[in-house]
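Please look through the sequence and the model shown here before reading on. The report is meant to be read with both at hand.

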Amino acid sequence: MTTTTATSHVYPNVLSPLHATLLCGQVPLFLGALMADIAYYRSYQIQWSNFASWLIAGALVFAGLAMLFALVGLFRRRNPRPLTYFLLLLVTWVLGFINALEHAKDAWAVMPMGLALSVIVTLLAIAATWVGMAQPRTGDAR
Amino acid sequence: MKTAIALTALPLALLLTACGEEPGSNQQFYGAQPDLPSPERGILPSMTIAEPTPWDDQRPTVPEGFSVTAIATDLKIPRQTLVLPNGDILVAEGRGGNAAKLKPKDVIAGVIKARGNTSVDSGNRLTLLRDADGDGSYELQTVFADDLNAPYGLALHEGNLYVANQDELVRFDYEEGQTKASGPPSKVADLPSEINHHWTKALTISEDGRYLYVGIGSNSNITERGMEAEVDRALVWQVDAETGAYKPYATGLRNPTALAIQPGTGTLWAVVNERDELGEDLVPDYLTSVQEGGFYGWPYSYFGQHVDPRVKPQDDEKVASAIVPDYALGAHVAALGLDFSSEVMGEQYADGVFIGEHGSWNRKNPVGYKVIFVPFENGRPAGDPIDFVTGFRTEDGKTRGRPVGVTVDPSGALIVADDLANTVWRVVREGSE
């Protein structure tokens, strides 16, 4: 049986459960904000805009903590995480924060910039999560 | 991804332009035809909360020929005052509002704004002040009525004392010389009180005592609590004093914080606080005569036909019908007090109105924090406003007091309620007593 030898090089870069939860959790939150923005854009019903504001606030908490993990990960002695991952999260968070401020404007003043930012930030959050979750297949390297 | 990068650059550019230059100094932001700059709102709204500091032995500054004394202290948030026929003064004390925090912004702004206000609990009462011997010192300070709900507007006609709580208009029987109400009040009419974002209910009464006018503020800055929340808001009600029947008298007045009847003409006048977050010098608060059936713009437009793009859906017909107010007071001054003057205030101040300006919180350089006099000619505002009571802010930028209600005392004085120092000031014309 050769399977016993496989354990030495399987998933060396796997995220801790907490890190993974924070990283993945930001995606539905930012996505939810985007969908709420779209609903407000189409209906003028202010409650959607309130939902978007809170969803963004929640997403910033998740993304911010995930970013801390990513930052620490840059300095790991074995298998440091890629810089791209940290930078993507950083940009996601900064633009997400600007989006939060944008959503703090009253009524229709949120539009259209709030909606545009929600699109961008959602895409960035997905990209950051993609890069963060992707595992290099170290076992096949040779 | 290129478009995404282009789009991300956009908010950053806005961020930079928002920190733009100060507007030109030759602009005039008050009067009948104020300069109205273009709306602007950076990524963060401007805010300057003035740190409270006690008066100690300092006093407000008044013009030559006048003197000022504190006639009552340790009140519980004095707002509006009423001078009774025998010279007694009634003070309405309290703080209202129960607006839910709908956005993270509301939570944060609430904490910041509270720093510039008094921490005293709402009095929910009327205090009576009496100067029995006429020496200018009000030796009696007693509770006239309590268990009220954030009382604000006060009006008297013959034996009827009307008080506008934040949720209902009530009436006390009043006999001259009373120091305590003879019993609980009776209800005249319920007032709109859902949410109560702008909770103050301003009040005045027609000269014949038949109609009461109640100022009811909007339930938001600019419809951010939804259009449904604005039913029966941002208007002045005319209430039949006898039956309590009411109708909208004028609409589109964002927050009519003080009302007064012009002596002689019987015309209703109001000071109105206008919308925020359109810039440091926009939109001016204003003084205006109130036309029956008139629409004054809120929320769709400001100062006539200047459309506010934050309101959706818009209403072109309403915008077209909006009346231009009579006299701009300047943006964010927060006019909360209004009374017509008379000869007792001396020749220079005989014809016009006094206005109490609570002062700004949403502007880099604070404005307001004073009582001004707007001179009238032929029953209309004419000329520049004159500072009447100042010195509410220290030179190092702290705040000692914030004026609210102003009332002309027929004995030749102006009564000014200060809801930060919890004090009532009396500005006396020298030689009048």
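This is a predicted model: local features need pLDDT of at least 70, side-chain atom pairs count only at pLDDT 80 or more; totals for chains, interfaces and linings use all residues.

## Helix 4 and helix 5 of chain A

Helix 4 of chain A, which spans residues 83–103, and helix 5 of chain A, which spans residues 113–133, have axes that come within 9 Å and cross at roughly 160°. An angle over 145 degrees counts as roughly antiparallel, and helix 4 of chain A and helix 5 of chain A are therefore roughly antiparallel to each other. The crossing in which helix 4 of chain A passes helix 5 of chain A is left-handed.

The residues that helix 4 of chain A brings to this contact include Tyr85(A), Leu88(A), Leu89(A), Leu95(A), Gly96(A), Asn99(A), Glu102(A) and His103(A), while those from helix 5 of chain A include Met113(A), Gly114(A), Leu117(A), Val121(A), Ala125(A), Ala128(A) and Gly132(A). Sorted by class, the residues of the contact between helix 4 of chain A and helix 5 of chain A comprise 15 nonpolar, seven polar and one charged.

## Helix 3 and helix 4 of chain A

Helix 4 of chain A also packs with helix 3 of chain A (residues 46–73), the two axes coming within 9 Å and crossing at roughly 155°. That angle makes helix 3 of chain A roughly antiparallel to helix 4 of chain A, and helix 3 of chain A passes helix 4 of chain A in a left-handed crossing.

From helix 3 of chain A, residues including Ser49(A), Ala52(A), Ile56(A), Leu60(A), Ala63(A), Gly64(A), Met67(A) and Leu71(A) meet a set in helix 4 of chain A, among them Tyr85(A), Phe86(A), Leu89(A), Trp93(A), Gly96(A), Phe97(A), Asn99(A) and His103(A). The contact of helix 3 of chain A with helix 4 of chain A has 15 nonpolar and six polar residues, with no charged residues.

## Helix 2 and helix 5 of chain A

Helix 2 of chain A covers residues 17–43, and its axis comes within 9 Å of the axis of helix 5 of chain A, with a crossing of roughly 160°. Helix 2 of chain A and helix 5 of chain A are therefore roughly antiparallel to each other, and the crossing is left-handed.

Residues of helix 2 of chain A in this contact include Ala20(A), Leu23(A), Cys24(A), Val27(A), Phe30(A), Leu34(A), Asp37(A) and Tyr41(A), and their counterparts in helix 5 of chain A include Gly114(A), Leu115(A), Ser118(A), Thr122(A), Ala125(A), Thr129(A) and Met133(A). The contact of helix 2 of chain A with helix 5 of chain A divides into 16 nonpolar, six polar and one charged.

## Two open sheets of chain B

In chain B, four strands form an open sheet in the order 10-11-12-13, and the pairing is antiparallel. Strand 10 (201–205) and strand 13 (246–251) of chain B stand at the edges, and each has a single partner strand, so one side of each is left without a neighbour in the sheet. Neighbouring strands of this sheet are turned by 25° against each other on average, direction ignored. Strand 12 of chain B (residues 235–240) pairs with strand 13 of chain B in the antiparallel sense over five bridges, and Leu235(B) stands opposite Thr251(B) in strand 13 of chain B.

Another open sheet of chain B has four strands in the order 14-15-16-19, again with antiparallel pairing. Its edges are strand 14 (255–261) and strand 19 (327–331) of chain B, each with a single partner strand, so one side of each lacks a neighbour in the sheet. The twist from one strand to the next averages 15°. Strand 16 of chain B (residues 284–289) is joined to strand 19 of chain B by four bridges in an antiparallel arrangement, with Pro284(B) opposite Ala331(B) in strand 19 of chain B.

## Buried positions in chain B

Strand 20 of chain B (residues 335–340) is mostly covered, six of its six residues being buried. Five bridges pair strand 20 of chain B with strand 21 of chain B (residues 352–357) in the antiparallel sense, and Gly337(B) stands opposite Gly356(B) in strand 21 of chain B.

Leu128(B) lies in strand 4 of chain B (residues 125–130) and is buried, with a relative accessible area of 0%. Leaving aside residues up to four places away in sequence, Leu128(B) touches residues including Leu84(B), Ile89(B), Leu90(B), Leu140(B), Thr142(B), Phe144(B) and Gln178(B). The C-alpha atoms of Leu128(B) and Thr142(B) are separated by 5.3 Å, although the two residues are 14 residues apart along the chain.

How values were computed. Residues are numbered from 1 along each chain as its sequence is written. Chains are lettered from A and ligands numbered from 1 in the order in which they are written. Side-chain values use heavy atoms; hydrogens and water are left out. Axes are lines fitted to C-alpha atoms, for helices over the stretch in contact, and angles run from 0 to 180 degrees between N-to-C directions. Angles under 35 degrees count as roughly parallel, over 145 as roughly antiparallel, 65 to 115 as roughly perpendicular and the rest as oblique. A crossing is left-handed if the near helix is turned anticlockwise from the far one by less than a right angle, and right-handed if clockwise. Contact means heavy atoms within 4.5 Å. Ala, Val, Leu, Ile, Met, Phe, Trp, Tyr, Cys and Pro count as nonpolar, Asp, Glu, Lys and Arg as charged, and the others, Gly among them, as polar. Two strands pair if DSSP finds at least two bridges between them. Buried means under 20% relative accessible area, exposed over 50%, partly exposed in between (1.4 Å probe, protein chains only).
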